[in-house]
Amino acid sequence: MATYVVGDIQGCFDQFQCLLEKVSFNPDRDVIWSVGDLINRGSNNLATLRWFHERRDNSVVVLGNHDLHLMAVSAGARKMSKSDNFDDILDAPDREILIEWLHHQPLMHHEHGVTLVHAGIPPMWSVSEALDHAAEVEKVLRGSDCIRFFNAMYGNDPIVWDDQLTGMTRLRVITNYLTRMRYCTKKGKLDLISKGPTPTANALKGKKVAPWFSHEGRRTKDDVVIFGHWASIDGVTNSPNVIGLDTGCVWGNKMTLMALESRTFYRCNC
Amino acid sequence: MMTFDLAPTARVYKVGGAVRDTLLNYPHSETDWVVVGATPKALLASGFRQVGADFPVFLHPETGEEFALARTERKSGQGYHGFTVHADPSVTLEEDLLRRDLTINAMALDEHGDLIDPYGGQRDLDAKVLRHVSANFSEDPLRVLRTCRFAARYHHLGFTVAEKTMQLMRDIVTSGELSVLAPDRVWRETEKALNENTPRTYFSLLRTLGADNIVLPFVVTDNSLDALDSMASIAPNSLHRWAGLASSAAANKQVVAPVINIPKRYDQLAARVQRYRGSPPQTPEDTLAFLEHFDAFRQGSQLADGLVVLGAIDESFHKTQVARIQKGGQLAASVRGEQFIKQHLKGPEIKAAISAERLRQLDALLDD
């Protein structure tokens with residue numbers, strides 16, 4: 001039995017299949033983990049989502065921003081953007097089953113000494129604190145309050161964690177850390193404006209921001225963290241403990257799969 | 001070989017680049033001919049059209065190829081127009097070939113396919129040397145640029161410029177003759193050089209000769225030559241190659257008016273690329289500014305050209321980055337004014353509404 005971790009698929013089902021063939025994936029024995037963003041912008045969102053749903057007992061999916069966006073649109077809390085193309089899921093006869101299953105997926109997963117999260121963990125949180133905060137959001141996603149959450153989920157404020165935060169504001173900042181973060185200050189102030197390989201000067205009015213994983217005093221610096229979300233760094237983190245698997249398949253670059261035990265990387269061109 | 005009813009004594013020879021490239025087994029497109037022992041009258045009577053009233057060059061009535069009466073030229077003043085042209089039936093083929101620039105360009109083939117090579121063109125082809133025919137070389141300073149261009153054309157075959165020819169070219173540069181060249185001719189020669197196999201050689205020779213800061217609006221640097229190489233290896237297009245070179249070169253502070261007439265779209269693309277070199281857009285706002293900078297939403301957009309060049313010369317514009325901007329450009333361009341006119345917005349309000357909507361779309365798109 002082997003465990004494989006795949007980067008952002010975003011509906012690029014063919015390239016995902018290419019990776020599975022490359023490692024001779026055995027669906028009866030092998031386990032697959034996804035860093036999230038299973039869907040949106042690729043050519044076959046529905047097949048991707050169904051594939052994971054069918055193998056739900058042998059797979060782990062942490063939710064990404066696109067997965068949450070699909071859930072919000074499906075719940076009627078948000079409209080589709082021009083760049084969204086998950087109509088195939090919204091029009092599917094098994095839509096309700098698939099979306100309901102997504103509602104039960106976590107924002108973080110921790111097993112075999114490895115932590116899986118879509119975007120990252122802010123410098124001031126340990127893995128166990130981050131798991132606790134993820135659970136706060138997961139609980140709401142599974143309950144009747146989820147539409148209220150979807151209505152409140154969008155937005156960049158507040159830009160920093162405060163344990164005194166309550167209600168939807170608290171859930172929004174947790175969600176932004178775990179599913180949208182790229183740059184932040186060493187104290188965890190979020191720059192959600194910069195999206196490229198270097199931060200934009202002055203996004204936080206002169207405060208020094210850096211990739212979340214590059215802060216010296218980061219409390220997860222001795223933990224292995226696997227994440228996706230950030231295509232424009234092309235998987236380069238300059239840290240062996242921090243493994244970025246989004247290599248921009250949806251932008252015509254590559255999709256990456258990692259064998260967890262051997263840390264071997266496999267890539268298919270997109 | 002064609003035959004003509006020009007005069008019993010007239011002979012027609014294939015000359016110039018066609019002869020040279022045939023011997024080199026190199027592709028060429030134009031064929032030039034020299035006619036010895038004929039008069040303009042005879043050519044006109046056979047249906048040829050004269051290209052200029054005072055110049056003994058004629059176009060074939062059917063093929064449009066150039067037929068020139070054998071001629072000698074003597075310099076009578078500075079620059080290209082300062083020539084006295086002498087063409088009459090007594091001018092020999094050898095005299096005509098003597099006024100040409102390089103030995104490899106001063107050969108002729110007669111109607112039997114025999115080579116007439118009085119100045120050692122075949123020898124220099126074999127030795128891969130670009131050598132001037134005679135001291136007449138100096139009579140047209142454009143020949144400095146032409147020689148650099150031939151070096152760029154045949155660099156991959158191992159051709160180099162003869163040391164004495166280099167010296168002659170240095171003397172021409174030092175004499176200040178380049179500054180009287182017509183800027184259009186300098187551009188045309190430069191554009192041809194950009195399209196050759198190794199354009200780097202042209203600009204690197206200009207630098208060696210100290211001619212770069214006379215004819216170019218910038219100083220050639222190793223950086224700019226490397227950028228030109230990166231461009232040349234992927235794009236056969238002179239527009240892209242120029243932008244790669246010019247956007248990476250150092251500004252020329254000494255020369256106010258370089259002797260070159262660069263077409264606007266070449267100048268514009270280079271300047272636009274230079275602005276973003278090393279600083280790819282990071283935010284939706286940056287991306288919209290980038291798209292507007294390259295005129296992505298109007299006729300004559302240079303977005304595609306700009307991305308080709310930046311993708312080749314700047315590693316921060318890697319494949320994913322370029323694709324994000326391209327898709328952003330398509331998405332933003334699909335936001336048009338019509339929907340806002342329907343909402344009864346006016347002038348500046350429409351413009352602001354379009355920008356806001358484009359930003360909203362880009363913001364959604366760029367969130368991986």
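Biologist: In which sense do strand β6 (residues 183-184) of chain A and β8(A) pair, and over how many bridges?

Modeller: Start with the idea. Two strands pair if DSSP finds at least two bridges between them. Here β6(A) and β8(A) run antiparallel and share 2 bridges. Look at Cys184(A): opposite it, in β8(A), stands Ala210(A). This is a predicted model, where local features need pLDDT of at least 70, side-chain atom pairs count only at pLDDT 80 or more, and totals for chains, interfaces and linings use all residues. Residues are numbered from 1 along each chain as its sequence is written, while chains are lettered from A and ligands numbered from 1 in the order in which they are written.

Biologist: What do the labels stand for, and in what order do the 3 strands of this open sheet in chain A come?

Modeller: Helices (H or I, at least four residues) and strands (E, at least two) are DSSP runs, numbered from the N terminus. The sheet order in chain A is β7-β6-β8, with antiparallel pairing. β7 (190-191) and β8 (210-211) of chain A each have a single partner strand, so one side of each lacks a neighbour in the sheet.

Biologist: Which residue takes a positive phi in the hairpin of β4(A) and β5(A)?

Modeller: The general point comes before the case. Most residues other than glycine have a negative phi, and most peptide bonds are trans. In this hairpin, 2 residues lie between the strands, and His112(A) has a positive phi near 55°. The strands themselves are β4 (residues 108-111) and β5 (residues 114-117) of chain A, antiparallel over 4 bridges. Met108(A) stands opposite Val117(A) of β5(A). Asn238(A), not a glycine, also has a positive phi, of about 60°. Find Asn238(A) in the loop between β9 (224-227) and β10 (242-244) of chain A.

Biologist: What about the peptide bond from Asp157(A) to Pro158(A): cis or trans?

Modeller: That bond is cis, with omega near -5°. Pro158(A) sits in the loop between α7 and α8 of chain A.

Biologist: At what angle do α7 and α8 of chain A pack?

Modeller: Axes are lines fitted to C-alpha atoms, for helices over the stretch in contact, and angles run from 0 to 180 degrees between N-to-C directions. α7 (residues 146-153) and α8 (residues 167-179) of chain A pack at about 65°, with their axes 9 Å apart. α7(A) passes α8(A) in a right-handed crossing. A crossing is right-handed if the near helix is turned clockwise from the far one by less than a right angle, and left-handed if anticlockwise.

Biologist: Which residues make the contact of α7(A) with α8(A)?

Modeller: Contact means that C-beta atoms, placed from the backbone, lie within 7 Å. From α7(A) come Arg148(A), Phe149(A), Ala152(A) and Met153(A); from α8(A) come Met168(A), Leu171(A), Arg172(A) and Thr175(A). They divide into 5 nonpolar, 1 polar and 2 charged. In these classes Ala, Val, Leu, Ile, Met, Phe, Trp, Tyr, Cys and Pro count as nonpolar, Asp, Glu, Lys and Arg as charged, and the others, Gly among them, as polar.

Biologist: Now chain B. How do α8 and α10 of chain B cross?

Modeller: α8 (residues 199-209) and α10 (residues 222-234) of chain B have axes that come within 9 Å and cross at roughly 165°. That makes α8(B) roughly antiparallel to α10(B). Angles under 35 degrees count as roughly parallel, over 145 as roughly antiparallel, 65 to 115 as roughly perpendicular and the rest as oblique. The crossing of α8(B) past α10(B) is right-handed. Residues of this contact include Phe203(B) of α8(B) and Leu228(B) of α10(B).

Biologist: And at what angle do α7(B) and α11(B) pack?

Modeller: Here α7 (residues 183-195) and α11 (residues 238-246) of chain B pack at about 95°, axes 9 Å apart. That makes α7(B) roughly perpendicular to α11(B). The contact uses Glu191(B), Leu194(B) and Asn195(B) of α7(B), with Ser238(B), Arg241(B) and Trp242(B) of α11(B). By class there are 2 nonpolar, 2 polar and 2 charged residues.

Biologist: What is the strand order in the open sheet of 7 strands in chain B?

Modeller: The order is β3-β4-β5-β2-β1-β8-β9, and the pairing is mixed. β3 (49-52) and β9 (115-116) of chain B are the edge strands, pairing on one side only. β1 (residues 11-15) and β8 (residues 108-109) of chain B run antiparallel, joined by 2 bridges. Val15(B) has Ala108(B) as its bridge partner in β8(B).

Biologist: How many residues does each chain give to the contact?

Modeller: Chain B gives 20 residues and chain A gives 24 residues. On the side of chain B that touches chain A, the largest share, 6 residues, comes from α15(B). That side has 7 nonpolar, 8 polar and 5 charged residues.

Terms used
Contact = placed C-beta atoms within 7 Å.
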